[in-house]
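Reader: Before we talk through this model, could you show me the sequence and the structure together?
Author: Here they are, and the terms follow as they are needed.

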Amino acid sequence: MRIGVPKEIKNNEFRVGLTPESVSEFVARGHTVLVETQAGMGIGAADDAYRAVGADIADTATDVFASSDMIIKVKEPLAPERAMLREGQILFTYLHLAPDPEQTQDLMKSGAVCIAYETVTDRTGGLPLLKPMSQVAGRLAVQAGASALEKAKGGRGVLIGGVPGVRASRVVVIGGGVVGFNAAQMAVGMHADVTILDRNPDVLERLATHFEAGANTVYSTRATLEQEIAQADLVIGAVLVPGSAAPKLITREMLSIMQPGAVMVDVAIDQGGCFETSKPTTHDAPTYVVDDIVHYCVANMPGAVARTSTYALNNATLPHALRIADKGWKDALRSDPHLTAGLNVWNGKVTCEAVAESLKLDLTPLTAALA
Ligand SMILES: NC(=O)C1=CN([C@@H]2O[C@H](COP(=O)(O)OP(=O)(O)OC[C@H]3O[C@@H](n4cnc5c(N)ncnc54)[C@H](O)[C@@H]3O)[C@@H](O)[C@H]2O)C=CC1
Ligand SMILES: CC(=O)C(=O)O
Ligand SMILES: [Mg+2]
């Protein structure tokens, strides 16, 4: 199969779809890989590093899209990239379609086979291709929040861990999955006073067992959420209903009960955000203020640590990408229901239930795509 790796074009997105090490795996199996020039510069991989493992280098993204059977990316395709997709071409990347009707319409129009990393599942009910970036984003959320709490950045002017004689900051994490766990780990490590809310009792039990006295776990209701955010210095939004638009858990009205200068980091922004006042921001201008509350809503947080993130992402995506290349997408999906769960758009139709529901579009059953 001809594999194409374009350079990412989202603001400050330095990750790349395939590392040179991953490219060598495709080449060893007889596939060809075309990488756009400079695509790997953000992870310190020059064109020569890709040439050395057998890739060809293309001058433009147009060349990559025109001559590839499968495009492997990191971020959802932006409008100019969507315009280059064609019928039957495979797109393997993050898509986050539920909050993005424009992208969904363009992907439907393209006729491409669009497989989203974030809805691929595993035997334990997890999301293995989202997990590595959630680990990164969870850890970064505390760094980003700690920085935004500095007075010169608009925050309350508090140090996350306090100092002897002055209390630590209160960090409230909403959603105790992969992002939430990793955020809590960092916040606990920085000696913050940490509370994690979730509405899944099993998740709360796992967290309580892990953190013991190091963090508080609280069942999430509107009332408990209000109690916790009223005292919080840093609130981290980390909820997910897989494939769906995030539920809006903190309304604009609720900001008035928070302390002025408190910071909210909405990691769930890629699924539309879990705070009513969230809107996507970029690494260039990551924060804005609403009603005295600092909001950080960067939708591609892991792009900031592109090397760590690209290698972690490839560890998870490579086996799936190789199977698609070896078998063709249809056979690869037929033999793996977890990869099938990644199919979001096929032949102009939406095949992911959560996306169809969120965008009120017709759902085409996966069986139709695999027939
Ligand atoms: N902004 C960025 O750069 C990145 C964003 N993300 C996003 O972060 C979000 C979280 O991802 P993961 O931690 O991997 O998901 P996850 O599935 O591991 O965890 C989500 C948790 O939210 C909980 N939850 C769902 N609805 C809830 C509610 N109403 N109240 C309280 N808890 C609720 C679930 O029980 C679950 O424990 C996703 O939207 C993901 O796409 C992930 C990586 C990077
Ligand atoms: C998960 C995601 O959207 C990201 O890594 O940017
Ligand atoms: Mg994202």
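Author: A residue is called buried if 20 or more other C-beta atoms lie within 10 Å of its own, exposed if 12 or fewer do, and partly exposed in between, with C-beta atoms placed from the backbone. Helices (H or I, at least four residues) and strands (E, at least two) are DSSP runs, numbered from the N terminus. This is a predicted model, in which local features need pLDDT of at least 70 and side-chain atom pairs count only at pLDDT 80 or more, whereas totals for chains, interfaces and linings use all residues. Residues are numbered from 1 along each chain as its sequence is written, and chains are lettered from A and ligands numbered from 1 in the order in which they are written.

Reader: Over what arc around the axis do the buried residues of helix 5 lie?
Author: In helix 5, which covers residues 101-110, the buried residues are T104, L107 and S110. The arc is taken from the directions that run from the helix axis to the C-beta atoms. These residues lie on the same side of helix 5, because the arc they cover is only 125°.

Reader: Which elements do the buried residues of helix 5 pack against?
Author: Two residues are in contact if their C-beta atoms, placed from the backbone, lie within 7 Å. By that criterion, the buried residues of helix 5 pack against helix 4 (79-82), strand 6 (113-116), strand 14 (343-346), strand 15 (349-350) and helix 13 (353-359).

Reader: Is L343 buried or exposed?
Author: L343 has its place in strand 14. Leaving aside neighbours within four places in sequence, L343 is in contact with I115, L333, T351, C352, L366 and A369. Because there are 22 C-beta neighbours inside 10 Å, L343 counts as buried.

Reader: In which loop is N347 found, given that its phi is near 55°?
Author: Most residues other than glycine have a negative phi. N347, a residue other than glycine, has a positive phi near 55°, and it is partly exposed, with 14 other C-beta atoms within 10 Å. N347 is found in the loop between strand 14 and strand 15.

Reader: What value does phi take at H96?
Author: H96 has its place in the loop between strand 5 (90-93) and helix 5. With 23 C-beta neighbours inside 10 Å, H96 counts as buried. Its phi is positive, in a residue other than glycine, and is near 50°.

Reader: How are helix 6 and helix 10 oriented to one another?
Author: Two packed helices are described by the angle between their axes and the distance between the axes. Axes here are lines fitted to C-alpha atoms, for helices over the stretch in contact, and angles run from 0 to 180 degrees between N-to-C directions; angles under 35 degrees count as roughly parallel, over 145 as roughly antiparallel, 65 to 115 as roughly perpendicular and the rest as oblique. The axes of helix 6 and helix 10 (residues 306-327) come within 8 Å and cross at roughly 155°. Helix 6 is therefore, relative to helix 10, roughly antiparallel.

Reader: Which residues of helix 10 does helix 6 meet?
Author: On the side of helix 6, the residues concerned are K131, P132, M133 and V136. In helix 10 they meet T308, S309, A312, L313, N315 and A316.

Reader: Which residues come nearest to ligand 1?
Author: The shell around ligand 1 has 22 nonpolar, 9 polar and 4 charged residues. Helix 6 (131-148), helix 7 (178-189) and strand 8 (193-198) each supply at least two residues of that shell. Of the 35 residues around ligand 1, those that come nearest are S134, G175, G177, V179 and M301.

How values were computed:
A residue is near a molecule or strand if its C-beta atom, placed from the backbone, lies within 6 Å of it. Ala, Val, Leu, Ile, Met, Phe, Trp, Tyr, Cys and Pro count as nonpolar, Asp, Glu, Lys and Arg as charged, and the others, Gly among them, as polar.
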